[in-house]
Amino acid sequence: MNKNSVLTIIIALICTALLHSSRVMASDPADIHTLKVNITNAMTSFYMYQGLDADLKYANRIDQAMASAYAAASRILSGSDNDIDQNGSAELINQWDTFNSLMASNRKDIVTRGYPDIRLVNEMGDACSALIDAADNLKKTEKVSDVTRLARALAFRMSDITSQYTGRGTSNLGQVFVGYQQKSPKEQAEEFTLLLDQLDGAIPKEDALRVSAIRHKWEFLSRSISNYNENSVPFLVVNYNDSIVEALHQLAASYD
């Protein structure tokens, strides 16, 4: 076992132990969003990782995404006594444990065997979906502005599209994970455009150029996403995803 694999296992064990020590629930919408986006980003990086024969860049991206997701889950589970929700807490912990364990197992298989177990990849996709559902089912402790809500929805949708796209574009195994998706990348891209139109309608005129800049990048990227069967370009999609999601997060923070 190499040094990177040992470090990954240690991080996973520490994260699980700390998460189980939390007892209460404080469902900040920002933390819920951060958790959802980062576990989706971890899936994207996993597909790039396995498609590039355990490339260290994407190993690091997985670690960063998992650490950010864990930090958000920890904040959710460490609120005040007034925010206790034992059922939601237990479900979140259970789904995190499952996803975290499968991620570690699949990464270990890639390092030791050169490829992951298809069945475990399928289970990891289901676990990712279940963890997102568990986060969505948490009761929110505060309301957010329409701009923040739409910007976060777009950021998650962009991350989700990218995860599905890279799953399809880097390996036939991608068809396993994205199987839970009921909509094609093209259909998801159309929904992203509709959400972007809603953001345009909600943003004050003085910030309209910020949305316009996001739309300009999206119009270029959406052509690749809609025609993913013709010319797969996962590296390009990941790079544009990073830029668009960052811009949306900055916009959301401005109106939070």
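Trainee: Okay, so in which hand does α2 pass α6?
Mentor: The crossing of α2 past α6 is left-handed. Keep in mind that this is a predicted model, where local features need pLDDT of at least 70, side-chain atom pairs count only at pLDDT 80 or more, and totals for chains, interfaces and linings use all residues. Residues are numbered from 1 along each chain as its sequence is written, and side-chain values use heavy atoms, with hydrogens and water left out.

Trainee: At what angle do the axes of α2 and α6 cross?
Mentor: Roughly 15°, and the axes come within 9 Å. Axes here are lines fitted to C-alpha atoms, for helices over the stretch in contact, with angles from 0 to 180 degrees between N-to-C directions. The two helices are therefore roughly parallel, a label for angles under 35 degrees.

Trainee: New topic: how many helices and strands does the protein have?
Mentor: There are 10 helices and 0 strands. Those are DSSP runs, numbered from the N terminus: H or I with at least four residues for helices, E with at least two for strands.

Trainee: And what share of the residues is buried?
Mentor: Buried residues are 47% of the 256, where buried means under 20% relative accessible area (1.4 Å probe, protein chains only).

Trainee: What does leucine 92 touch?
Mentor: Beyond neighbours within four places in sequence, leucine 92 has contacts (heavy atoms within 4.5 Å) that include Leu35, Ile76 and Leu131.

Technical notes. Angles under 35 degrees count as roughly parallel, over 145 as roughly antiparallel, 65 to 115 as roughly perpendicular and the rest as oblique. A crossing is left-handed if the near helix is turned anticlockwise from the far one by less than a right angle, and right-handed if clockwise. Buried means under 20% relative accessible area, exposed over 50%, partly exposed in between (1.4 Å probe, protein chains only).
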